[in-house]
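Q: I am new to this structure. Please show me how to read its features, one at a time.

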Amino acid sequence: MTITEQQIMQWSMGFIWPLLRISAMFITIPIFSGRFVSSNILVGTSVVITLFTLPLIPSYPPIEVLSYNGFMTGLQQILIGLLSGFVLQLVFAAVIFGGQGIAYSMGLGFASMLDPITGVSVPVISQFYLVVSTLMFLTLGGHLVLFEMLIDSFTSLPISPNGIERSDLWSIIAWSSRLFSAGLLMALPSIAALLMVNIAFGVVTKAAPQLNIFAVGFPITLLLGLLLMWVTLSPIMQSFTNLLAESYGVIADFLRIKS
């Protein structure tokens with residue numbers, strides 16, 4: 001039994017192309033892309049998932065690595081994986097944006113802490129909503145849904161130099177505006193209620209300056225903000241799940257997966 005160099009190259013490429021797509025997804029997918037996750041764990045998980053995925057991948061024409069088609073094929077696999085996780089990152093960014101709006105309205109914009117997932121400082125209110133959203137994401141099996149969609153994409157978007165088109169990139173860019181609109185809708189009830197309270201404080205201070213209402217205004221605003229967080233937590237999580245479902249629709253569109 002003789003094994004030629006060409007056969008070894010074909011076997012290795014049959015493993016490397018799926019590995020590029022799957023490992024690129026782990027670079028941007030929420031939670032797994034956090035700084036607290038070791039790169040060794042991500043690499044090992046990518047290899048294991050790739051090994052289980054190989055029997056499910058349809059056959060495709062052999063592609064030489066050291067060629068233009070090989071370069072474009074590798075680029076396409078990386079782009080597909082990155083975009084799949086990036087769309088979900090926008091959903092969590094909307095939660096952070098909404099939490100920032102509530103924090104600034106409560107006067108807690110200065111209270112920040114380092115987010116272990118993104119590696120940047122965010123208000124503690126945003127961190128609270130981010131933790132709850134992460135638990136909701138894991139409870140609903142959102143990461144498993146993305147894994148399944150990425151595996152199905154090997155059938156809808158076979159391994160080839162062609163895949164993601166310019167129109168797909170523009171559709172994702174256009175949908176990214178939902179980051180601001182969805183985040184604002186999540187925070188709008190609390191922002192509106194706290195704004196009315198601040199307006200009331202201003203009217204009272206103007207009518208009776210000797211009361212010095214702003215001396216007790218911050219504790220009242222803070223307590224009211226915490227109460228509003230408790231009351232609006234369920235609607236905010238419902239908005240998060242709706243936005244999450246919408247993001248899966250965007251991913252299915254550019255992965256050519258039929259619902």
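A: Start with two terms. Helices (H or I, at least four residues) and strands (E, at least two) are DSSP runs, numbered from the N terminus. Axes are lines fitted to C-alpha atoms, for helices over the stretch in contact, and angles run from 0 to 180 degrees between N-to-C directions. This is a predicted model: local features need pLDDT of at least 70, side-chain atom pairs count only at pLDDT 80 or more, and totals for chains, interfaces and linings use all residues. Residues are numbered from 1 along each chain as its sequence is written, and side-chain values use heavy atoms, with hydrogens and water left out.

Q: At what angle do the axes of helix α3 and helix α4 cross?
A: At roughly 145°, and the axes come within 7 Å. Helix α3 spans residues 68-106 and helix α4 residues 124-139.

Q: Is the crossing of α3 and α4 left-handed or right-handed?
A: A crossing is left-handed if the near helix is turned anticlockwise from the far one by less than a right angle, and right-handed if clockwise. The crossing of α3 and α4 is right-handed.

Q: Which residues make the contact?
A: Contact means heavy atoms within 4.5 Å. From α3, the residues include Leu88, Phe92 and Met106. From α4, they include Ile125, Tyr129 and Phe137.

Q: How many residues of each class are in the contact of α3 with α4?
A: Ala, Val, Leu, Ile, Met, Phe, Trp, Tyr, Cys and Pro count as nonpolar, Asp, Glu, Lys and Arg as charged, and the others, Gly among them, as polar. Here there are 11 nonpolar, five polar and no charged residues.

Q: What pattern does the protein chain follow along the sequence?
A: The pattern is α-α-α-β-β-α-α-α-α-α. That comes to eight helices and two strands.

Q: How many of the residues in the protein chain are buried?
A: Buried means under 20% relative accessible area, exposed over 50%, partly exposed in between (1.4 Å probe, protein chains only). Of the 259 residues in the protein chain, 42% are buried.

Q: Is Thr53 buried or exposed?
A: Thr53 counts as buried, because its relative accessibility is 2%. Thr53 is found in helix α2 (residues 39-53). Not counting residues up to four places away in sequence, Thr53 touches Ile22, Ile151 and Phe154. Thr53 and Pro18 are 35 residues apart in sequence, yet 8.1 Å apart in space, C-alpha to C-alpha.

Q: How many salt bridges does the structure hold?
A: A salt bridge is a side-chain nitrogen of Lys or Arg within 4 Å of a carboxyl oxygen of Asp or Glu. The structure holds two. One joins the side chains of Asp168 and Arg256 (3.0 Å, N to O). Asp168 lies in helix α6 (residues 166-175) and Arg256 in the segment after α8, so the pair ties together parts 88 residues apart in sequence. Asp168 is buried, with a relative accessible area of 9%. Arg256 is partly exposed, at 30%.

Q: Which residue forms a salt bridge with Arg178?
A: Glu246 does, and the closest N and O atoms are 3.1 Å apart. Glu246 lies in helix α8 and Arg178 in helix α7 (residues 178-207), so the pair ties together parts 68 residues apart in sequence.

Q: What is the phi of Arg256?
A: Most residues other than glycine have a negative phi. Phi of Arg256 is near 65°, a positive value.
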